[in-house]
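Here is a short report for a first look at this structure. Keep the sequence and the 3D view open while reading.

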Amino acid sequence: MVVTEHPIERVLRVLLGLAILSLVFFGPKTPWGWIGLLPILTGATGLCPFYTLLGISTCPRKSAP
């Protein structure tokens, strides 16, 4: 599996996803908070389908020895 996200971006996606998901349980208690599962899943796997479609990657390139 190809990783298309930088490690810092992955952490930020998971944190953002948790913040959005918290809207289901705290605050306005809206079902829209379930959308927070998307950034959690993409951050956990390191694969963003949108990045794959566009052919971009924020992951640092590994140099050949």
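## A buried charged pair

Glu-5 and Arg-13 are both buried. This is a predicted model. The two side chains meet in a salt bridge, with 3.3 Å from N to O.

How buried is Arg-13? Its relative accessibility is 18%. Buried means under 20% relative accessible area, so Arg-13 falls on the buried side of the cut-off.

## The salt-bridge network

How many salt bridges are there? The count comes to two. One of them is the pair of Glu-5 and Arg-13. Glu-9 and Arg-13 also meet through their side chains in a salt bridge, at 2.9 Å from N to O.

Where do Glu-9 and Arg-13 sit? Both are in helix H1, which covers residues 7-25. They are four residues apart there, so about one helical turn separates them. Glu-9 has a relative accessibility of 15% and counts as buried. Through shared partners, the salt bridges join Glu-5, Glu-9 and Arg-13 into one network.

Thr-42 belongs to helix H2, residues 37-45. Is Thr-42 buried or exposed? Thr-42 is buried, and its relative accessible area is 13%.

Which residues does Thr-42 touch, leaving out those up to four places away in sequence? They are Glu-5, Arg-13, Leu-47 and Pro-49. Two of these names, Glu-5 and Arg-13, are also partners in a salt bridge.

A disulfide needs the two sulfur atoms within 2.5 Å. Seen from the other end, Cys-59 is in no disulfide either, and its nearest cysteine sulfur is that of Cys-48.

Cys-48 counts as buried, at 6% relative accessibility. Cys-59 is partly exposed, with a relative accessible area of 27%.

Definitions and conventions. Residues are numbered from 1 along each chain as its sequence is written. This is a predicted model: local features need pLDDT of at least 70, side-chain atom pairs count only at pLDDT 80 or more; totals for chains, interfaces and linings use all residues. Side-chain values use heavy atoms; hydrogens and water are left out. Buried means under 20% relative accessible area, exposed over 50%, partly exposed in between (1.4 Å probe, protein chains only). A salt bridge is a side-chain nitrogen of Lys or Arg within 4 Å of a carboxyl oxygen of Asp or Glu. Helices (H or I, at least four residues) and strands (E, at least two) are DSSP runs, numbered from the N terminus. Contact means heavy atoms within 4.5 Å.
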